[in-house]
Amino acid sequence: MHFSIISVVPELLESPLGHSVIRRARDWGLLEIECIDLRTFGLGAYRQVDDYPYGGGAGMVLMAEPLVNCIEALKSKRSYDLVIYLTPDGERFDQHMANRLSLQHNLMLICGHYKGIDQRVRDHWVNLEVSIGDYVLSGGEIAACALVDAVGRLIPGVLNDETSALSDSFQDGLLAPPVYTRPAEFQGLPVPDILLSGHQVRIEDWRHEQALQRTTERRPDILRD
Ligand code: ADE
């Protein structure tokens with residue numbers, strides 16, 4: 001799977017996408033991530049990428065021309081399934097969307113900054129607008145990293161049996177149950193007996209009950225869905 005990520009601060013993408021599971025997926029050739037500095041498509045001697053909003057108001061807007069030149073340059077090299085713009089007013093990202101996106105081959109992500117990007121780019125070049133939650137980040141980079149991480153780990157072969165995504169929260173419509181590791185007692189706090197019993201079927205039943213209880217208490221909205 002290939003991601004092309006357009007950003008005015010590509011440095012923000014480096015660490016989250018350069019370690020752990022995503023790093024391994026890249027090393028194994030299961031995932032390609034290309035980060036493009038929008039400024040290389042900037043206009044004039046100062047490589048301008050943003051300008052004041054028409055009609056006035058605070059903040060700057062990423063200009064259409066550098067963005068479209070960048071999008072078209074990328075499109076001339078590969079065919080993209082989707083061009084995604086990360087924005088707080090987009091469709092809410094969740095595990096269902098991550099599953100859906102993990103079936104694609106080539107995704108282009110556009111990270112906004114300042115007050116966002118020129119609406120004409122959204123209207124004519126973007127196919128999907130995605131928000132990672134109802135709060136405003138300083139730019140789309142952290143949202144892009146969250147999306148790439150959540151989608152990247154679903155690519156077959158990225159996770160092994162031990163870390164399988166099948167037992168993740170949300171994957172079966174429930175939050176994940178509690179987990180414990182050694183020692184069996186820590187500062188007088190014991191691990192639930194059932195987990196030490198060796199009865200795999202009963203352990204799975206217990207985990208399911210715990211997952212259900214946790215979901216009922218914390219996220220009744222998912223149970224209703
Ligand atoms: N850019 C700024 N805030 C964002 C959010 N919540 N989701 C996606 N992109 C964003």
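The structure is a predicted model, in which local features need pLDDT of at least 70 and side-chain atom pairs count only at pLDDT 80 or more, while totals for chains, interfaces and linings use all residues. Residues are numbered from 1 along each chain as its sequence is written, and side-chain values use heavy atoms, with hydrogens and water left out.

The domain assignment of the protein, which is automatic or taken from a database, gives domain 1 (2-152) and domain 2 (169-224). The centres of domain 1 and domain 2, taken over C-alpha atoms, are separated by 37 Å.

Helices (H or I, at least four residues) and strands (E, at least two) are DSSP runs, numbered from the N terminus. Helix α6 covers residues 141-152 and has 12 residues. From the first C-alpha of α6 to the last the distance is 16 Å, close to the 16 Å expected at 1.5 Å a residue; the expected span is 1.5 Å times one less than the number of residues. Nine of the 12 residues of α6 are buried, and the helix is mostly covered. Among the buried residues of α6 are Cys145, Leu147, Val148 and Val151.

The ligand has 13 residues around it, of which Thr87, Ile132, Gly133, Tyr135 and Leu137 come nearest; a residue counts as near if one of its heavy atoms lies within 4 Å. A polar contact is a pair of N or O atoms within 3.5 Å; within protein, one must be able to donate a hydrogen and the other to accept it, and residues adjacent in sequence count only if both atoms are side-chain atoms. A backbone N or O atom of Thr87 lies 3.1 Å from a nitrogen atom of the ligand, and for Ile132 the corresponding distance from a ligand nitrogen atom is 3.0 Å. A polar backbone atom of Gly133 is 3.1 Å from a nitrogen atom of the ligand. Taken alone, the ligand exposes 260 Å², of which the protein buries 97%; accessible areas come from the Shrake-Rupley method with a 1.4 Å probe, and for residues only the protein chains shown count as cover.

Strands β5 (82-92) and β7 (128-131) each supply at least two residues of the shell around the ligand. The most comes from β5, with three residues. By class, the shell holds eight nonpolar, five polar and no charged residues. Here Ala, Val, Leu, Ile, Met, Phe, Trp, Tyr, Cys and Pro count as nonpolar, Asp, Glu, Lys and Arg as charged, and the others, Gly among them, as polar.

Two buried loop residues make side-chain contacts. Ser102, in the loop between α4 (95-101) and β6 (106-111), has a relative accessible area of 16% and is therefore buried. The side chain of Ser102 reaches the backbone oxygen of Asn99 at 2.7 Å. Asp168, in the loop between α6 and β8 (185-186), counts as buried because its relative accessibility is 18%. The side chains of Asp168 and Arg153 are joined by a polar contact of 2.3 Å.

Most residues other than glycine have a negative phi, and most peptide bonds are trans. Ser20, in helix α2 (residues 20-27), has a positive phi near 55° and counts as exposed because its relative accessibility is 58%. The phi of Arg47 is also positive, near 50°. Arg47 is found in the loop between β2 (32-37) and β3 (50-51) and is partly exposed at 42% relative accessibility. The peptide bond from Arg182 to Pro183 is cis, with omega near 5°, and Pro183 lies in the loop between α6 and β8.

Terms used
Buried means under 20% relative accessible area, exposed over 50%, partly exposed in between (1.4 Å probe, protein chains only).
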